[in-house]
Amino acid sequence: MLPACLAALTWVDEIVVVDSHSRDRTREIARARGAKVFEHDFTDFASQFNWAMEQATGDWIFVVDADEVVDAQLSQAIRDTLAGEPAYEVYQVVRDAFFLGHRMRATSWSGEALPRLFRRGCLSYRGQVHSVADSGGRPVGRLPGRILHYTYRDMGQYFRKFDLYTTHWARDAFAQGRRV
C-alpha cells in the first residue's frame, strides 16, 4: 500500500518513513517518492511512532500508516487549517477500515476518530498494540475527510498480524501484572 499512501501525500513538506529492516522494497519506494527513510529496530508500535516523530523537522506532524490513504477532502482540510491560524494543537481524523477489499461499516473498525494532526510536542503514543495517542488533555478539533485504512490483503496477512498483535498484547499485560 505504500505507493498509494505516498501518492496521496504529495502536498506535504516532508515525508518521514521508518522501516524496521523489512525485506520488501519499502526503502526504495519511499526514497523514489522523496521521503526521508530511517531504519529503526521495532520494539512496539508506540515506541516506533514516537521515534518517527522525533525525526520529523516541521512544526506540525501528520501521522499516516503505510496501509492508509488520505482522501482529497482531508488533504485540503489539513492544508486550509495550517495555512491559517489553527484553532487547536491536536486534530482528530476519521478513519474507515477495509477488510479484504470491503469497507467495514458495522464494526468498531470504521468511523473511529483518531488524533493524527498535531503541533510538535503536543502528542505522544503509549501502548504496545494499537497504540493510544495521548494529547495531554489538550482540546482536540476534528477535520473533515477520511483516512482509508486497507487492513489486510489476504487471510495469511491477517493471521500474521493477529499473531504479532496478540504476542505484544500478552507482553504488555504481563508487564502490567495481569495474568490471563
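How many aromatic pairs does the ring rule count here? I took rings of Phe, Tyr and Trp (its six-membered ring) as paired if their centres lie within 6.5 Å, with planes under 30 degrees apart as stacked, over 60 as edge-to-face and the rest as tilted. The count comes to 10 aromatic pairs.

I looked up Phe-98 and Tyr-150: the ring centres are 4.7 Å apart and the planes at 25 degrees, so the pair is stacked. Phe-98 lies in strand S5 (residues 90-99) and Tyr-150 in strand S10 (residues 140-152), so the pair ties together parts 52 residues apart in sequence. Strands (E, at least two residues) and helices (H or I, at least four) are DSSP runs, numbered from the N terminus.

The model is predicted: local features need pLDDT of at least 70, side-chain atom pairs count only at pLDDT 80 or more, and totals for chains, interfaces and linings use all residues. Residues are numbered from 1 along each chain as its sequence is written, and side-chain values use heavy atoms, with hydrogens and water left out.

I then checked burial (buried is under 20% relative accessible area, exposed over 50%, partly exposed in between; 1.4 Å probe, protein chains only). Phe-98 is buried at 15%, and Tyr-150 is partly exposed at 29%.

Next I looked at Tyr-158 and Phe-159, an edge-to-face pair with 5.1 Å centre to centre and 80 degrees between the planes. Phe-159 is in helix H5 (residues 155-175) and is partly exposed at 49%. I found Phe-99, Tyr-158, Phe-159 and Phe-162 in one aromatic cluster.

Last, I searched the whole structure for disulfides (cysteine sulfur atoms within 2.5 Å) and got 0. Cys-5 is buried at 4%, and Cys-122 is buried at 6%.
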